[in-house]
Amino acid sequence: MKTDVEKLEETRAKLTVQVPYEDLKPEIDKVYKQVGKQVSIPGFRPGHVPTRIIDQRIGRGYVLEQAINERLGDYYGRALGEADLTPLGQPEVEVVETPAVEGKPGGDLKFTAEVDIVPDFDLPSLEGLSLEVSKLEVSDEDVEKELDQLRDRFASLKTVDRPAQDGDFTSIDMVAKIGDEEIDSVSGVSYQIGSGSMLEGMDEALNGMKSEETTEFKSTLKGGDHEGEEADVTLTLHKVKERELPEADDDFAQMASEFDTIGELRSDLRANVEKMRRQQQALEAREKLQDYLVDNTDFPLPQAFIDSEVDRLADGKEEADRDELAETVKKQTKQQIIVDRIANERDVEIDPNELYQSIFEIAQMYGVDPMQLIKDQSQVAAMGQDLRRNRALVSALREVTVKDEEGTEIDLSEFTKDPAEARAEQAAMAAAEQTAAPSEEEVSGSED
């Protein structure tokens, strides 16, 4: 295969690709076999129709068209690789020459492809770069907030004899009517005031009500057959319950954790908050690094690509700010292009096991079957690209200095460790644990 490249603009190129007949022939033979199985021609069994008969009855042009359509994308991808070009958007492809439609089989396939491309650019140096992130601070209030969230998981509901208020759980009956027609009713359902999960205006109506009181209010319906219509709602409150948190004491610590005292539990919660804040510092440093790379790398982007992406993002949005969307597209596209260049220059690779582990984690997070994600190869490729870009950024982050607002240098090695080193450490720890664990013979001997 021969590829000629013509740079039309800094961000656009024209590829002229010539494919020898011998390269396309295996696909042509494959199409002949498929057609031979599909057509019914008197005197020939399906799958045993000679090519000359197919040429006479169906036409060699049809076979060539099917073969070319099947392989054109592959040839285009190979041509991009040979020319060392990164495309932006879809190409404009024109087939200018095909193998012979009549007479002796043979002749080359020739096509052109015009496409927007990533222009040439130089990466900024990371030497001496210092990034500033927020100071790591953990207050007693932060720890108590975490403790309250843990207590909330063990909370119970207690019936109270007072007017209902925001956050209370209630037991209610409700009837909604439009005119004399009853369109909806529920009885004895539980509803938390402030959740906004039922009718508009219900939270305001329940606030201040007492047990066995009834009130009426109007509500505009948000769904169903009567969406947008106003209904008269009759609401009866039967019970008011408030969430009661367990006492933050040693008994709670023993019930909710592996710790014996509430002091130990608070210390563990503080350590967890500190780790979370360190993770936030690492994420902030990564964002600052991306901003530095974008701000210090200058190259144009093809306007046609920007316009198409803005059209895609604005689709279905009545009041989309196209200028704002355009700026977002430009920044995100430049980020991806720059990080991809870093990944290429550093030969960043993603282990397939790591990719599939990430897919399983994402599937678990969203409650979907991981096989559904794996079957979508475009989605798998996109996830792999995201992992590769993240790995490239982490690699670059290891080379810069990170300080907090007070000038204290931050150690982010916990979050920027090389994956190979991390796996080696895990293997070493597992081997150490295996060595430290008593053998079955030792356990049996000690019992004797």
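Q: How many salt bridges does the count come to?
A: The structure is a predicted model, and a salt bridge here requires a side-chain nitrogen of Lys or Arg within 4 Å of a carboxyl oxygen of Asp or Glu. By this rule, the count comes to 26 salt bridges.

Q: Which residue forms a salt bridge with R12, and how many residues apart are the two?
A: R12 sits in strand β2, residues 12-19, while its partner sits in strand β4, so that the pair links distant parts of the chain. Both R12 and D116 are buried, and their closest N and O atoms are 3.0 Å apart. The partner of R12 is therefore D116, and the two are 104 residues apart.

Q: Which residues are linked with R12 in a network of salt bridges?
A: The salt bridge between R12 and D116 belongs to a network of salt bridges. Linked with R12 in this network are E92, E114 and D116.

Q: Is T112 buried or exposed?
A: T112 has its place in strand β4, which spans residues 109-117. Leaving aside neighbours within four places in sequence, T112 is in contact with K14, L15, T16, E92, V93, E94 and V96. Because its relative accessibility is 12% and buried means under 20%, T112 counts as buried.

Q: What parts of the chain does the salt bridge between E244 and K158 tie together?
A: The closest N and O atoms of E244 and K158 are 3.4 Å apart. E244 is partly exposed at a relative accessible area of 35%, and K158 is partly exposed at 36%. Since E244 lies in residues 230-244 and K158 in residues 156-159, the pair ties together parts that are 86 residues apart in sequence, namely strand β10 and strand β6.

Q: Where does E399, which meets R346 in a salt bridge, lie?
A: The side chains of R346 and E399 meet at 2.7 Å, N to O, and both are partly exposed, with relative accessible areas of 30% for R346 and 46% for E399. R346 lies in the loop between α9 and α10, so the pair ties together parts that are 53 residues apart in sequence. E399 lies in the loop between α12 (377-397) and β11 (401-404).

Q: Is D298, a residue of the negative surface patch, buried or exposed?
A: The negative surface patch is formed by E10, D84, D120, D122, D298 and E345. D298 has its place in the loop between α7 (262-295) and α8 (303-314). Because its relative accessibility is 74% and exposed means over 50%, D298 counts as exposed.

How values were computed:
Residues are numbered from 1 along each chain as its sequence is written. This is a predicted model: local features need pLDDT of at least 70, side-chain atom pairs count only at pLDDT 80 or more; totals for chains, interfaces and linings use all residues. Side-chain values use heavy atoms; hydrogens and water are left out. Helices (H or I, at least four residues) and strands (E, at least two) are DSSP runs, numbered from the N terminus. Buried means under 20% relative accessible area, exposed over 50%, partly exposed in between (1.4 Å probe, protein chains only). Contact means heavy atoms within 4.5 Å. Patches are made of residues with over 30% relative accessible area and no salt bridge: like charges are joined within 9 Å, nonpolar side chains (Val, Leu, Ile, Met, Phe, Trp, Tyr) within 5 Å. Accessible areas come from the Shrake-Rupley method with a 1.4 Å probe; for residues, only the protein chains shown count as cover. Lys and Arg count as positive and Asp and Glu as negative; His and the chain ends are not counted. The place of a charge is taken as NZ of Lys, CZ of Arg, CG of Asp or CD of Glu.
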